[in-house]
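Let's take a walk through this model, starting at the ligand and ending in the loops. Keep the viewer open as you read.

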Amino acid sequence: MSDLVTTSRQGSVLVVTINNPPVNALSPGVPEGIAAGVRSAASDEGIHAVVVIGAGRTFIAGADIREFGRIVSGEAPPLNLNEILSEIENSPKPVIMAIHGTALGGGLETAMAGHYRVAVASAKVGQPEVKLGLIPGAGGTQRLPRLAGIETAMQMCAFGEPVSAAEALASGIVDRLIEGDLLTGAVAFANEHPPVRRTRDLSGKLLGAVAAESLKSLFQDSCRKKLKGQTAPLAAVEAIAATARLDFDAGIKYEATLFNECLFGTQSKALIHVFFGERAVARIPGLPKEVQPLPLRRAAVVGAGTMGGGIAMCFANAGIPVVLKETTQGALDHGLASIRRNYETSVKRGRLTAEAAAQRLDLIKPVLRYEGFDEADIVVEAVFEELALKKHVFSDLDAVARDGAILATNTSTLDIDEIASATKRPEWVLGTHFFSPANVMRLLEVVRGKATSPTAIATAMELGKTLKKVGVLSGNAFGFIGNRMFGPYRHEAIRLVEEGASVSQVDQALTDWGMAMGPLAVGDLAGVDVAWRVRQEAIRLGIPHIEASSFEDELFVRGRYGQKSGAGWYLYDENRKASPDPEVERLVREYAACQGIPQRTFSHTEILERTLFALINEGARLLEEGIALRPVDIDIVYVNGYGFPAWRGGPMHYAETLGLQRVTDRMRALYDEFGPFWKPAALLEQSAKAGRWNS
Ligand code: T1G
């Protein structure tokens with residue numbers, strides 16, 4: 001037996017323990033070790049049952065995701081879990097799976113190959129493979145419906161959300177909840193001498209073909225709406241529906257076919273890239289190993305507007321007491337009312353209990369002066385996006401905050417060094433750029449100034465994890481990573497409209513492709529006035545590729561600021577539902593005529609190339625300038641902050657999937673047609689031949 005899997009005896013029960021930290025993934029050797037343990041029990045007369053349990057913090061959290069890239073490249077053999085799980089299931093002696101932490105993917109599949117499952121109340125079980133662009137590939141689509149029924153199986157496999165131990169007990173996935181020590185409870189269960197009961201033989205919860213097919217179309221329609229463009233959820237539902245017409249072994253074969261189609265497709269590569277990418281971005285090259293993040297026990301926020309209120313909620317949601325300051329009682333009351341409304345909505349939607357909401361509200365202390373700021377470990381400034389005002393606030397903070405406190409600004413574009421210059425402690429100043437709504441969006445851009453200390457950076461990156469966000473480190477350039485790239489992307493969207501495309505045609509091309517919102521609709525959401533002010537600032541700073549004027553100015557001068565004013569690129573009703581506005585189409589044709597812009601029609605492909613390639617090229621420039629550390633950092637920013645489809649992996653991963661040479665060639669053609677805006681970044685040209693970003 002390898003160290004990965006060890007056995008011990010408790011009376012006449014053989015205990016098989018998996019020890020593959022950190023999550024007991026089914027790395028090579030682990031499934032084999034479990035099967036070996038079960039096999040040894042079969043031939044041991046002194047053993048009447050087997051208990052399988054995970055050491056450390058969890059049961060098995062799934063197949064080893066790192067192996068999939070190696071399987072696709074041919075470096076590793078195809079997934080062979082089915083044979084091993086079948087050997088476990090065919091054990092002549094009862095096998096009891098003891099679950100704590102999470103049993104996910106192959107972990108739950110292993111558990112279902114056992115004859116019984118017991119779990120502690122805090123455990124969760126699930127088949128999250130679709131979140132990796134896959135489907136269960138070790139019998140999950142065949143065993144789960146036999147335990148929990150087809151509808152529950154489709155829900156769990158199509159959407160990938162885990163269920164609690166109590167829900168698993170209710171649906172038949174788990175046989176008993178264990179109070180107290182899990183191993184003791186599992187052994188006691190085994191000592192009741194339950195008979196061998198192969199999951200594959202259970203058919204009482206399966207459905208006939210008609211019922212299964214109608215559930216299949218129900219779930220596949222729902223997936224097409226909620227998980228638009230994703231193929232794995234549809235395949236998972238298909239595999240489960242097949243239990244109505246295929247026997248177990250044929251169903252396993254069919255599942256394997258569908259699994260391999262997903263595994264060798266582009267969506268799983270993209271989603272696995274994002275899975276590991278969200279963990280890789282926390283590793284900061286050059287940050288000395290001995291640098292440890294400081295503890296963040298108390299926080300303070302300056303400004304109780306939309307952002308400040310949302311940021312205060314983030315701290316309260318993480319259980320961190322937070323002081324929230326405004327300048328007037330009215331503004332403070334307004335901010336608190338909005339926070340209260342947010343929590344009430346969460347309670348109404350069942351996302352939060354009333355007592356949990358009350359506890360979080362209690363953690364937010366409203367003030368009109370800097371009282372309590374001297375105890376804060378971190379202060380986040382979230383006042384109006386105006387440099388002089390921010391510098392004034394930081395000069396105040398310099399006077400009131402304790403030594404060693406992190407002084408963070410939520411600015412979305414302003415210069416961190418400029419803000420830090422208002423204090424005598426620039427080494428403690430950095431940007432923590434939250435995305436609206438701050439209590440919802442996962443992305444946190446951490447922006448380092450030239451003087452920001454490694455400890456401050458490490459602490460801010462840890463803050464991201466504490467707030468259950470994804471922190472990405474950015475250099476101090478205009479727009480940081482996300483907004484800097486969004487500029488050229490939206491520039492092209494506007495240019496396409498000026499050249500003859502309709503507003504909704506441009507937006508729809510991107511949303512059909514997978515973006516959560518079209519670039520012009522985003523402008524209406526963020527505010528045409530905000531975009532105008534940011535553009536004026538960029539022009540003042542001499543940021544390259546910023547057009548002196550664009551049609552959007554015509555919207556701005558007419559007070560068409562977007563959703564907030566009821567009209568922008570679109571018209572908005574009282575529920576902010578958008579509809580195309582013929583007046584805008586008329587205005588833009590008039591504008592184009594004045595500017596002498598030739599008009600023509602556009603294909604979806606051309607709209608996608610003009611917008612997405614501008615995004616990719618700016619990303620390459622950010623890498624050249626060292627503002628973004630790695631291509632994956634850019635991908636994680638866009639997937640978590642800008643509605644870029646995770647199943648396309650992010651702008652830089654997508655460019656590699658398309659082919660960097662193809663992107664470069666197309667950009668050269670656009671450069672010949674439109675000039676300098678389209679000059680391919682040097683890094684893009686250098687990487688084109690290799691087909692991979694060499695950054
Ligand atoms: N394989 C390899 N590494 C994994 C892993 C996995 N399944 N799960 C986590 N890790 C690494 C992770 O990269 C990180 O590494 C460390 O473990 C801690 O993870 C055949 C095909 C279990 C809820 O999708 O959801 O089974 O950064 O930071 O926040 O049908 O990890 O430290 O180097 O996330 O406590 C299905 C994925 C696989 C579960 C724990 N299983 N993992 O969260 O820790 S496909 C999953 C998670 C499959 C079968 C199919 C979470 C977690 P590093 P972490 P955490």
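A bit of bookkeeping first. This is a predicted model, so local features need pLDDT of at least 70 and side-chain atom pairs count only at pLDDT 80 or more, while totals for chains, interfaces and linings use all residues. Residues are numbered from 1 along each chain as its sequence is written, and side-chain values use heavy atoms, with hydrogens and water left out.

Start at the ligand. Glu-109 puts a polar side-chain atom 2.5 Å from a ligand oxygen. Gly-137 uses a backbone N or O atom instead, 2.8 Å from an oxygen atom of the ligand, and a polar side-chain atom of Arg-283 sits 3.4 Å from a ligand oxygen. On its own the ligand has 1000 Å² of accessible area, and the protein covers 73% of that (Shrake-Rupley method, 1.4 Å probe).

Next, find helix H15, residues 354–362. Its buried residues (under 20% relative accessible area, 1.4 Å probe, protein chains only; exposed is over 50%, and partly exposed is in between) are Ala-356, Ala-357 and Leu-361. These residues are on the same side of H15 because they cover an arc of only 135° around the axis, taken from the directions from the helix axis to the C-beta atoms. On the other side, Glu-355, Gln-359 and Asp-362 are exposed.

The Pro-21 to Pro-22 peptide bond is cis, with omega near 5°, and Pro-22 sits in the loop between strand E2 (13–18) and helix H1 (30–42). Another cis bond joins Ser-436 and Pro-437, with omega about -10°. Phe-480 isn't a glycine, yet its phi is positive, about 55°; this residue is buried, at 0% relative accessible area. Arg-576 also has a positive phi, near 60°, but is partly exposed at 47%.

Key. Polar contact = N/O pair within 3.5 Å; in protein donor to acceptor, adjacent residues only side chain to side chain. Helix = DSSP H or I, 4+ residues; strand = E, 2+ residues; numbered from the N terminus.
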